[in-house]
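Have the picture at hand and follow along, one part at a time.

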Amino acid sequence: MNNEIRIINGIVFDPTNNIDGKVVDICIKDGKIVSKVSKSAKVIDAKGMAVMPGGVDIHCHITGPKVNLARKLMPEDHRLDPHFKTPNTQSGSGGIVPSTFATGYRYATLGYTTAMEAAVPPLTARHALEEMYDTPIIDNGFYVLLGNNLFLQSLIAEGRFAEFKEAVAWWLNATKAYTVKLVNPGGDEPWKGHKNLNVKSIDEDSKATDIAPRKVIEAFIDAVHELGLPHPPHIHCNNLGHSGNFDTTLESMKTAGDRRLHVAHIQFNSYAGEVGKPPKSASKEITDYVNDHQNITCDVGQVMFGKAMFMTADAPLTYLLRSYKKEKWVNADTECESGCGILPFDYQGMIYTHALQWAIGLEIFLLSKDPWRIVLSTDHPNGGSFANYPLVIKLLMDYEFRKLAMKSVNQKAMNSTILGELKREYTLNEICIITRAGPAKCLGLKDKGHLGVGADADVTVYDMLEDKEEMFNAPRYVMKAGQLLIADHEFVSDYTDKKVLRVAPDYDKEIEKVIKPFFDDFYSINYQNYAIQDDYLHGLGKVIGTKKKNSIYEN
Amino acid sequence: MSAASKDIKIVNEKIVENATCTFCGCCCDDITLTVDMDKKVITKAKDACVLGKSWFLNHVIEDKPIARIAGKEVPLDDAIDEAAKILMDAKFPILYGMSDTVCEAQRHCAPIMDDCGGTIDTTTSVCHGPSGMAFQGVGEPTMTLGEVKNRADFVMYWGGNPAEAHPRHFARYAVTPEGMYTPNGKDDRTVVIVDIRHTKTAGVSDIFLQLKPGKDFELLWMLRAACKGVDIPNDCKDICGVEKEVVEDLFQRMKNCNYGVIFFGMGLTMTRGRHFNSGALMALATDLNEFTHFVAKPARGHGNVTGADNVVSWQTGYPFGVNFSRGHPRFNPGEFTTVDTLSRKEADAALIIASDPVANFPKPAIDHLTSDKCKLISIDTKNTPTSEAAHVSIQTSTYGINTGGTVYRMDDVPISLRPAFDSPFPSDLEVLTKLRKKVNELSKKANRPYATKKYM
């Protein structure tokens, strides 16, 4: 079979290699970008079309136990959005939390070829890997929740940092994760063990472990830096969603010093105002800090109006939000490791807070000076579905459209922001950075997010249209690992060389002797049955190497 | 060691440590199996309960054909071809069971039905199906079993009899284990049993509430009302058979505990009220979070029924009772659940995997399933009334004993199995992989028109 493709006449956007809208040929062979192909290669004429690397979603919730609970919770939502079977694809359910098959296909139909699941408890990581195997087309990886791990917290509290680092490495290996995720560090113990309380400040000692969130954050930043993981700790800061939380966010970022840190869905952490009262925008304070500090990367977590689903390891927050509408609610505690809250939600333009959240997200995009370190995300499905990405792109690229959109939402909220004054319009090149090249760099994925020789042949070809939402909603061609999957907007195949991305840092085997007694005492499954065997990668695993770095600009 | 014992022939013995018992939803993963590799039997199952012992120790490799069509032995591939043809030719094929096999095999089931436009349903529809529906309505605060071990100081069982159905539930997870914040085991916990009769389980309780049959919802709603400040009614005893003072005391204990949990069984889900009962219980647990941390959990039965729920949910969006005849999954319990599709004589082909409806279903359903109006295909590890009645019958190896894979414990924790010895029979995974491939080939050949939104 001929596995060579040549894309000709396309207008190529490849910011990593400084190609900004130039007509060049892209050649593909054996799943990689190459410099030339033989004459028998399949030719795709992309005249008048934009050629970009496949999209990379750095933060979304698409596989794993909490996602599946949310799926089960929403039959009324699936019912309105069936995903039909075609000769080349399987059927599924759509809605705010689509079934696995539909998730893979729908990402591909936006031109995305990589999506990272942002929060999986170690105990149920097998479940996440199994769902990834059933999520077609896109490459996946996941971040493992360690920020509320009681054993690791006890090592920090006792100052046993050398052992802590080894234990973190053990957990990353045992779960086949990509990096460490911290969610409301220190907040689980007051929630689960002290009648639904929460921590309020990053310097407050949580009652159960006598350890302040700041110490946890610091220890993980240190350990991950020492281990040289390709992506730094991915943090969901304390006080997320509360008015006046931008101080906490700034303090969390300052804790990193000059070491790397990724702040997830930073929009939700950029609120001024007083706790318990309606928020105000603190986008300026936050973006000022991010602009000045090359060690910080973040994704926006843009709120989009319409259906959403809170799905987070931050259980106290979800319970608090439940108090507004008393919607159906799921809480799921994972022993010794994590909490979880799930709540269906609607963002409505006429509500002050929702409109303000929408505006803050856009302000952060527009105020940030370095597109490489600010990634497009909606924290799917927390701020809205990933299906909104094309609309977010239009809002960023079109000032007139943005002004129009501002008119249709809560005016009090609009008047309290500077969004209307921000006339910046993103260029196609910048969009290519915040959806592909940037996230790939933030993740340390050298083979993704660009079209240079040797890169993975994940390529999207969009018709060049005036309406950018329309343009990014339906790529004409999508190739993943060199396989043509979508041609003329239709799936021609759903087979691809899919990968599960992970890290495998070295660790001292002796650490198991320290960890095991804790398991024997406090876990409900056997230590020997905890670590995940290679079978669960189904031969799809790809280890990304480790190397210490202080910013995404170091190679 | 005595001289005599030295003369005993040394058997070819294998020890399997940390094996998982898949008899019930507890999925205890601490069993040590001693296997006689010559005779192919398990001789010891250390730490297994009475049910687990009978599961492991009675397992023998039977001398039976792998595949039969109409009672006649055939090669496996022929049986698979015949099964695929039956499913593709049928107007209303159904697939049912799946609760006693591994997730890897379960994963092929929905795609098979997707390709032939059939209906998929699991044994959930006849056990905790109402809890699944209640979950869709009200959500659920829940936990992994280790949280109960470490934290729960209030443990309640409602309409279940774990002493006989999940024998190690007490000792491993919920009543006696010494956890992080429950260092004194049972002394740190209040154990409450709600049931209509004094079962073996009631024996371990600190408080036993004997409820009038069919009055679960009433008592649950009284407790919910109490959460909102409404007094327990004076005629409480007349309504549900429990004294007002007992219910008041119970409510205070629920409100004032540090970490409360309710496990519930089919005594709640399969009596009058069904999903209203489960829903009331989950809503009560939610309400109690205003006062303290409170969770609930259905005590699931079969070894991997929880896995079946999970797999069908992630592939289709719905946990059971899913139909593909319009080219996409549709969920409607009562319409697409197996007892109903059979009793109404709708199904004209049935693929039954790892379950035995002919022994358990209501008579009208069995009558149709075993009639010539419905072609029956069975994939099972043992001879059952269903496999005996089947037109195509395929015998497979047993999960957890002969084959590995993943099972989900009742609290959605995935566990890998450690098989003890090989079986001459193929695994469910192998058979279903082949069947899926064959059905997919036939469906591509059939070249059916695919529904698209245009034609809706």
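## Chain A as a whole

Chain A has 18 helices and 28 strands. Keep in mind as you look around that this is a predicted model.

A compact globule of 555 residues would have a radius of gyration near 24 Å, and chain A, with 22 Å, agrees with that. Of its 555 residues, 62% count as buried.

Take the contacts in chain A between residues at least 6 apart in sequence: 76% of them join residues at least 24 apart.

## Where the two chains meet

Now turn to the contact between the chains. Chain A brings 49 residues to it, and chain B brings 57 residues. On the chain B side, the elements that give two or more residues include helix H5 (109-116), helix H6 (129-138), strand S8 (139-143), helix H7 (145-151) and helix H15 (305-316) of chain B. Which element gives the most to this side? That is H7(B), with six residues. By residue type, the side of chain B that touches chain A divides into 22 nonpolar, 24 polar and 11 charged residues.

Strands pair up across the two chains as well. Strand S20 (residues 329-333) of chain A pairs with S8(B) in the parallel sense, over five bridges. To find one of these partners yourself, look for A:Val330, whose bridge partner in S8(B) is B:Glu140. As background, strands of a sheet pair through backbone hydrogen bonds, either parallel or antiparallel.

## A sheet in chain B

Chain B holds an open sheet of nine strands, in the order S5-S4-S18-S17-S16-S6-S7-S14-S15, with mixed pairing. Why is one side of strand S5 (72-73) and of strand S15 (330-331) of chain B left without a neighbour in the sheet? These two strands stand at the edges, and each has a single partner strand, so one side stays without a neighbour.

Elsewhere in this sheet, strand S16 (residues 349-353) and strand S17 (residues 375-380) of chain B run parallel and are joined by five bridges. Here B:Ala349 stands opposite B:Lys375 in S17(B).

Terms used. Residues numbered from 1 in each chain as written. Chains lettered and ligands numbered in written order. Predicted model: local features only at pLDDT ≥ 70, side-chain atom pairs only at ≥ 80, totals over all residues. Contact = placed C-beta atoms within 7 Å. Helix = DSSP H or I, 4+ residues; strand = E, 2+ residues; numbered from the N terminus. Nonpolar A, V, L, I, M, F, W, Y, C, P; charged D, E, K, R; others polar. Pairing = 2+ DSSP bridges. Rg over C-alpha atoms; globule rule 2.2 N^0.38 Å. Buried ≥ 20, exposed ≤ 12 C-beta atoms within 10 Å, placed from the backbone.
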